[in-house]
Amino acid sequence: MKLGPIRIAWLQISHQKLRLLAAVLGVAFAVVLVFVQLGFQQALYDSSVRWHTALGYDLALISPKTTYLVNPPGFPRSRLYQTLGFEGVESVTPVYIGIAKWRNPANPLQSRNIYVMGFDPMDSGFALAGDRAQVSKLRMPDRVVFDGLSRPEFGPIADLFNANGRVDTEINGRDIKVVGLYALGTSFGIDGSIITSDLNFRRIFSDRAASRIELGLVRLQQGVDLTEVRDEIATAIPGDVRVLTRAEFIQHEVDYWSNNTPIGYVFGMGVAMGLAVGLIVVYQILFSDVQDHLREYATMKAMGYSQFFLSRLVLSEAVILAILGFIPGYALALLVYTQSREATNLPIIMTTERGVMVLALTIVMCAVSALLAMRKLRAADPAEVF
Amino acid sequence: MTAAETPIIADSVDYQYDSGLGRHHVLRDIDLKINGGEIVILTGPSGSGKTTLITLIGALRSMQSGSIKVFGEELCGASQRSLKNTRRNIGFIFQQHNLLDYLTVAQNISMSLSLGDRLKKAQGRARIEEVLERVGLRDHIDKYPDALSGGQKQRVGIARALANRPKMILADEPTASLDKESGRNVVNLIQELCKEQGASVVMVTHDIRILDVADRILHLEDGQIQSTSSAVASNTTQMLRLLNQHDPQSAQYMTAFSLALTRVALADNHMDEQERMLIQSTLLEQSGLEAAEVDMVMEMALSQVRCRKSEPGTSGPQFSPQQKQQFIQALHAVAAADGEVSPEEVAEIQQIASELGFGT
């Protein structure tokens, strides 16, 4: 019966149950912290491109001054129509974007900013807004469809609509009717949204001209080369618009959130803090464990065990702690994800890649703690055991 | 001589500690040979360097100067790696048991087995059972050390040291934390098992009760090895002086008995074992002395009896010509110290010398 360092590490670490519990909780805490930070960060990026992924298009036209899609500057609608002249372009959809004041029908004193998108109901690209019948209802004046996953501060619109078949409220001081629901969800910049027709959009925003749009959707014929058409359009039309493929449009938004806001830094900091807490806890535990067993370690050295063997022992303890702490940490993180998803309607979900990455980070964190604690091993002098 | 016959050969070993107060010379010019299967006890007051010496022999400490060969391997200037390999061939028994408290008895023993020749799992278990059987702890094989008494733990420590069948055992105060009886058992066990396996033993101890298991006693004083007789003399003198100082009455009572016994014994110039036992039991019953005191009285008397020359030709004390010469010269010098040496004194000296076996 050979006792390898892993087996001894397990026996040693499992001997003191309370200390093991403290260590596992410390690691689990760090794991939860890291998962939550990474989950929120990814949710932020995912939610910020909800519109980008939900709309139907192959190329997107935006103003070069557009930083992110929540409140973009406009550009001439004629640029979008110009693209119809290029080979391979099948159809285009001009989109109007604005932010309006929405009055909560359940509590008329409360009004909130709501994200409004307007388009010509005859055009395609808005499968998101519902089936053809629902979209055609938007042709009537002052009709909108409402995102049922908007935050509850806008009122219990979905419940009211399902109960009564319609909801009446006010946008920018104008009476409107909700004639349908769709499901998109919130993001860090958008608490709730409605979709309406281009005409209704201009009724809500009376100062907006039909000739300036905020987003242009371009659909290409099947089988044409995406980047080729994009380059052709980009070189031919004036520089007051940018032409992006779907992937570029999504990346453009993610880049904004990660580079131009402190959000990426803040979440990165959160991850670092979580790891630092875990590192300190595990180091403390391992250090006092080594300290308590110095005499035994010196005895093992006297028996002929090497410093390397003892180092492997401490490292094994660290890896065991990492794995033992990761399991409850992962379970807790799933719980936190579910809770926050329900509370915020943000797409906070666990992915396999993130799980693997956090497990690796946890093991690295514990291994660094072990390397620090190992310095204490040198104090185990076999000449001192006599 | 081969390494197997003389596992340890130390030659002019010096060792110094550097402390804040300066250099402290712990070992001076130590020469030492320990033979295969020999049990050597190392005694000496605290600070005499015995622990330093045993850690040097055990390859636990790097040497400074001199030479120690363990199993033919020179330790002076050896790398940490080869010191470690030397240690694997030595069984260590510590003052505290130093068992790993989170391992069972069997696991603790297999810690030392894992290092030696790779045994198959079943063989390893069999070896553990066998060695525990020998130390009388077969039933405790799967217990944790916390569940054992001090003596039992120390016996597990012995089992651990011996499981690998090392050719040498180093023990440091193995009885220090044990009561008299468990201490005795532990030492007997070490002696018995080492004789069985033919292992040499070097044991450091303060415990004079266990000195009798030794084949040889080495006494360290101020970092040097003293002769046994000088060590015993200095200890005994000190103890007798203490006794005279604190309990002069008992001291005189015992001395009186020992003088009387010497005379009784000398009346027929002979004392055999039977007579000795008879005197001992009589004294125990009649003298009011305690057993230990009777032992001492007997020992003092017998030591005098032993040095008297018995009948010529039979075994009396054997002294070297040099000792004979020194003895007579010294007595003459003592006689001369108070003035003239009279012819009566010369005759007296000659008579004493011949009576005690110093005759030419």
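Two residues are in contact if their C-beta atoms, placed from the backbone, lie within 7 Å. Keep that in mind for the exercises on this predicted model, where local features need pLDDT of at least 70, side-chain atom pairs count only at pLDDT 80 or more, and totals for chains, interfaces and linings use all residues. Residues are numbered from 1 along each chain as its sequence is written, while chains are lettered from A and ligands numbered from 1 in the order in which they are written.

**Exercise 1. Work out which strands pair with β5(A).**

Solution. First, the rule: two strands pair if DSSP finds at least two bridges between them. On one count, β5 (residues 143–147) of chain A runs parallel to β7 (residues 174–182) of chain A, joined by five bridges. Within that pairing, Val145(A) has Gly180(A) as its bridge partner. On the other, three bridges link β5(A) to β8 (residues 193–197) of chain A in the antiparallel sense, and there Phe146(A) stands opposite Ile194(A). As for burial, four of the five residues of β5(A) are buried.

**Exercise 2. Trace the open sheet of four strands in chain B and name its edges.**

Solution. Write down the order, β2-β1-β4-β5 (chain B), with antiparallel pairing. Then look at the ends: β2 (22–34) and β5 (73–74) of chain B each have a single partner strand, so one side of each is left without a neighbour in the sheet. Last, zoom in on one pair. β1 (residues 8–19) of chain B and β2(B) are antiparallel over nine bridges, and Gln16(B) stands opposite His25(B) in β2(B).

**Exercise 3. Describe how α12(A) and α13(A) cross.**

Solution. Begin with the axes, which are lines fitted to C-alpha atoms, for helices over the stretch in contact, with angles running from 0 to 180 degrees between N-to-C directions. Those of α12 (residues 307–344) and α13 (residues 352–374) of chain A come within 8 Å and cross at roughly 145 degrees. Then pick out the residues that make the contact: they include Leu315(A) and Phe326(A) of α12(A), and Leu359(A) and Ile363(A) of α13(A).

**Exercise 4. Describe the side of chain A that touches chain B.**

Solution. Count first: the contact takes 17 residues from chain A and 24 residues from chain B. Then go to the helices. On the chain A side, α1 (5–15) and α11 (294–303) each supply at least two residues, and α11(A) gives the largest share, five residues.

Technical notes. A residue is buried if 20 or more other C-beta atoms lie within 10 Å of its own, exposed if 12 or fewer, and partly exposed in between; C-beta atoms are placed from the backbone. A crossing is left-handed if the near helix is turned anticlockwise from the far one by less than a right angle, and right-handed if clockwise.
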